[in-house]
Amino acid sequence: AETAARLEGVAAIVVALAFLLRGVEVWHWLVAAALFALVLAVEALNTAIEVLTDRISPEWSQAAKDAKDLGSLAVGLMLTVNCAFVGLVLLGVI
């Protein structure tokens, strides 16, 4: 979880640099910041799910696997939305 948050932080810095070079509008910055905050929030919830699942069900179970997979899916979807937004901004589509 910490590694993922660090990687997401590095990605945010890269996006900020690209936004600076591109000279994007203020609303792009605001949306990107909100999406980044949402990624961190979903990442934190995913970590909480994993910790609780490991505590409640230390042995392997299908329910625990499903819970962890769904948390990871949520993070993946947020990252996809972030990448799509940044890509569209940098391409000048929005």
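**Helices and the overall fold**

Helices (H or I, at least four residues) and strands (E, at least two) are DSSP runs, numbered from the N terminus. This is a predicted model, in which local features need pLDDT of at least 70, side-chain atom pairs count only at pLDDT 80 or more, and totals for chains, interfaces and linings use all residues. Residues are numbered from 1 along each chain as its sequence is written, and side-chain values use heavy atoms, with hydrogens and water left out.

The protein has three helices and zero strands. Its C-alpha atoms fill a box of roughly 50 × 20 × 15 Å along the principal axes.

The expected span of a helix is 1.5 Å times one less than its number of residues. Helix α1 (residues 2-22) has 21 residues and should therefore span 30 Å, which agrees with the 30 Å between its end C-alpha atoms. After α1 comes G23, with a positive phi near 70°.

Helix α2 (residues 26-56) has 31 residues and reaches 45 Å from first to last C-alpha, close to the expected 45 Å.

**Buried residues of α2**

Buried means under 20% relative accessible area, with exposed over 50% and partly exposed in between (1.4 Å probe, protein chains only). Buried residues of α2 include H28, L35, E43 and T53. Their cover includes α1 and α3 (62-90).

**E43**

E43 lies in helix α2. Leaving aside residues up to four places away in sequence, E43 touches A4, E8 and V75, where contact means heavy atoms within 4.5 Å.
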